[in-house]
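Me: I am new to this structure and would like to learn how to read it. Please take me through it one feature at a time.

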Amino acid sequence: MKLIRQSAEWNPFWLNHLRNNQQIGLVPTMGALHDGHLDLVSKSRSSCGVTIVSIFVNPTQFNNLEDFQKYPNTLDQDLKRLEQAGVEYVFLPSVEEIYPTPTQLKFDFGELEHVLEGKFRPGHFNGVGVVVSKLFHLIRPHIAFFGQKDLQQVAIIKRLVNDLSFDLKLEVVPTRRESDGLAMSSRNLRLNKEDREKALILFNCLTTAKAELFAGKNWLETQRKIELEFQSDPTAKLEYFDLIHPDTFETYTTFDPSQKSSICVAAFIGDIRLIDNMPIIS
Ligand code: AMP
């Protein structure tokens, strides 16, 4: 496995793989890797001749300094796991490599960045758009792999690829969960034992709400019930619990089984902000 710290080092490898007609798969990550990340890696390994995983904690997508500073770093272990998974390259750029000068350009993703994550994390999707565009330009993959866990990020990146005509395919990989249902996330490492148990409230609310929708219950009543459940727990602070269209992120007030839909949730458990989502109609 080769470690690439400067994008110029990648260029001869890229050319070589292109000449050998090998498809290049890119898996962008911020490290602190778990089995969900490794699902993206194995999808890339089965679809592409060569896989490059990037590990870069992108400062411009954090709207909360403490979240950035405390973002878990398990680099030695990450590299071991990637080597064991058979990954050919890891791109480990410095902040200076990605941002030699501060980026002036701003993206406007329209309504997508004003709801849910966009509303609660101002500037987040601009940072995502900038870093993902840079990774696409520097690595030039044929296929890029992203997790359904970050559903709104997937919608943003689809828009980016479409609007800017990036010549690549996107693959979306289902969410990997712990055995009790909690969605795997690097931030789970920051939960203490008690909060780790409390964090199950996200998954439990998603499954309850899904069952209620299929039982014909009124969506707004279900949403209200879940909001009250969060209010009764002082360590859990709900930011949103919404039924949305998974491409446009239009929020629904009623459930229509003929329309695509997902439920998305974001909540603080103690100091740690977690998100999750569940497809209802795909
Ligand atoms: P991150 O390192 O959190 O930026 O995540 C890197 C990629 O892994 C993103 O495309 C995420 O959506 C994806 N990912 C994160 N958690 C999971 C999970 N539990 N299951 C599948 N993919 C995930």
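Me: Of the contacts with a separation of 6 or more, what percentage comes from residues 24 or more positions apart?

Reply: A contact means heavy atoms within 4.5 Å. In this chain, residues 24 or more positions apart account for 72% of the contacts with a separation of 6 or more. The model is a predicted one, in which local features need pLDDT of at least 70, side-chain atom pairs count only at pLDDT 80 or more, and totals for chains, interfaces and linings use all residues. Residues are numbered from 1 along each chain as its sequence is written, and side-chain values use heavy atoms, with hydrogens and water left out.

Me: How does the radius of gyration of the chain stand against that of a compact globule?

Reply: The radius is taken over C-alpha atoms, and the globule rule is 2.2 Å times the number of residues to the power 0.38. For 282 residues the rule gives a value near 19 Å, and the chain has 19 Å, which agrees. Along its principal axes the C-alpha trace spans about 60 × 40 × 40 Å.

Me: What share of the residues counts as buried?

Reply: Buried means under 20% relative accessible area, exposed over 50%, and partly exposed in between, with a 1.4 Å probe and protein chains only. By that rule 51% of the 282 residues are buried. The accessible surface of the chain comes to about 13,700 Å², and 50% of that belongs to carbon and sulfur atoms. Such areas come from the Shrake-Rupley method with a 1.4 Å probe, and for residues only the protein chains shown count as cover.

Me: How many helices and strands are there?

Reply: Both are DSSP runs numbered from the N terminus: helices are H or I with at least four residues, strands are E with at least two. The chain has eleven helices and nine strands.

Me: Which strands pair with strand 8?

Reply: Two strands pair if DSSP finds at least two bridges between them. Strand 7 (residues 236-244) is antiparallel to strand 8, with eight bridges. Strand 9 (residues 272-281) is also antiparallel to strand 8, with nine bridges. On the strand 9 side, Ser261 is bridged to Ile281, and Val265 stands opposite Asp276.

Me: Which residues have a positive phi although they are not glycines?

Reply: Asn21 is one of them, at about 60 degrees, and Phe249 is another, also at about 60 degrees. Asn21 sits in the loop between helix 1 (7-19) and strand 2 (24-29); with a relative accessible area of 72%, it is exposed. Phe249 lies in the loop between strand 7 and strand 8, where it is buried, with a relative accessible area of 2%.

Me: How many disulfides are there?

Reply: A disulfide is a covalent bond between the sulfur atoms of two cysteines. The test applied is a pair of cysteine sulfur atoms within 2.5 Å, and a search of the whole structure finds zero. For Cys205 the closest cysteine sulfur, in Cys264, is 14 Å away, too far for a bond. Cys205 is buried at 1% relative accessible area, and Cys48 is buried at 8%.

Me: Where is Arg121, and what does it touch?

Reply: Arg121 is in the loop between helix 6 (117-120) and helix 7 (124-139). With a relative accessible area of 9%, Arg121 is buried. Not counting residues up to four places away in sequence, it touches Gln61, Phe62, Asn63, Asp67, Arg187 and Arg273.

Me: Where is Ser185, and is it buried or exposed?

Reply: Ser185 belongs to the loop between strand 6 (169-173) and helix 9 (193-198), and at 12% relative accessibility it counts as buried. Leaving out residues up to four places away in sequence, Ser185 touches His34 and Lys149.
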